[in-house]
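Please consider the sequence and the model shown below. The paragraphs that follow lead from the overall fold to individual side chains.

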Amino acid sequence: MNGQPGFMENADNVYRTRDYIVRQIIGVNFDAEMDNSIFSQDTFFARTPARDKQFENIFAKRFNINGRRMKSSMYSRQYVE
């Protein structure tokens, strides 16, 4: 790892809920026969004091420091303690 927190690795969006810091990796599925779709690979990192401090340092200038989820039509979830 190059010094950045795990929740930032390959992230297209990062936001925070009451219990988790969530990394979203967003993709678009182009399909000639069916509808195109936007999908999200979500990783939920349990909030800890250390992760919260990292999050707050990275996003200190955000208007809404907690951020928001980017909507997608499909998603997968993974949880990290």
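The account begins with the chain as a whole and then turns to the sheet, the salt bridges and a surface patch.

The model is predicted. The C-alpha trace spans about 45 × 25 × 25 Å along its principal axes. Of the 81 residues in the protein chain, 28% are buried. The chain exposes about 5,900 Å², of which carbon and sulfur atoms supply 50%. Among contacts between residues at least 6 apart in sequence, 58% join residues at least 24 apart.

The four strands form an open sheet in the order β1-β2-β3-β4, with mixed pairing. At its edges stand β1 and β4, each of which pairs on one side only. From one strand to the next, the twist averages 20°. In general, strands of a sheet pair through backbone hydrogen bonds, in either a parallel or an antiparallel sense. Here, strand β2 (residues 20-29) and β3 are antiparallel and pair over ten bridges. Helix α1 lies across β1, β2, β3 and β4, and runs at about 125° to β1.

How many salt bridges does the model contain? The count comes to five. One of them joins Arg 16 and Asp 52, whose closest N and O atoms are 3.4 Å apart. Arg 16 belongs to strand β1 (residues 13-16) and Asp 52 to helix α1 (residues 49-58), so this pair ties together parts that are 36 residues apart in sequence. Are Arg 16 and Asp 52 buried or exposed? Both residues are buried. They also take part in a network of salt bridges that links Arg 16, Arg 47, Asp 52 and Glu 56.

A second pair is formed by Asp 42 and Arg 69, whose side chains meet in a salt bridge at 2.7 Å, N to O. This pair also links distant parts of the chain: Asp 42 is in strand β3, while Arg 69 is in the loop between α1 and β4 (74-80), 27 residues apart. Asp 42 counts as buried because its relative accessibility is 2%, under the 20% limit for that class. Arg 69, in contrast, has a relative accessible area of 31% and is therefore partly exposed.

Asp 19, at 38% relative accessibility, counts as partly exposed. Arg 18 reaches 72% and therefore counts as exposed, since that class begins over 50%.

Ile 38 lies in strand β3 (residues 37-46), and Val 28 stands opposite Ile 38. Why can Ile 38 be called partly exposed? Its relative accessible area is 38%, and partly exposed residues fall between the buried limit of 20% and the exposed limit of 50%.

How values were computed: Residues numbered from 1 in each chain as written. Predicted model: local features only at pLDDT ≥ 70, side-chain atom pairs only at ≥ 80, totals over all residues. Heavy atoms only, no water. Helix = DSSP H or I, 4+ residues; strand = E, 2+ residues; numbered from the N terminus. Buried < 20%, exposed > 50% of the residue type's maximum accessible area, 1.4 Å probe, protein only. Salt bridge = Lys/Arg side-chain N within 4 Å of Asp/Glu carboxyl O. Pairing = 2+ DSSP bridges. Axes fitted to C-alpha atoms, helices over the stretch in contact; angles between N-to-C directions. Contact = heavy atoms within 4.5 Å. Areas by Shrake-Rupley, 256 points an atom, 1.4 Å probe, with all protein chains shown as cover.
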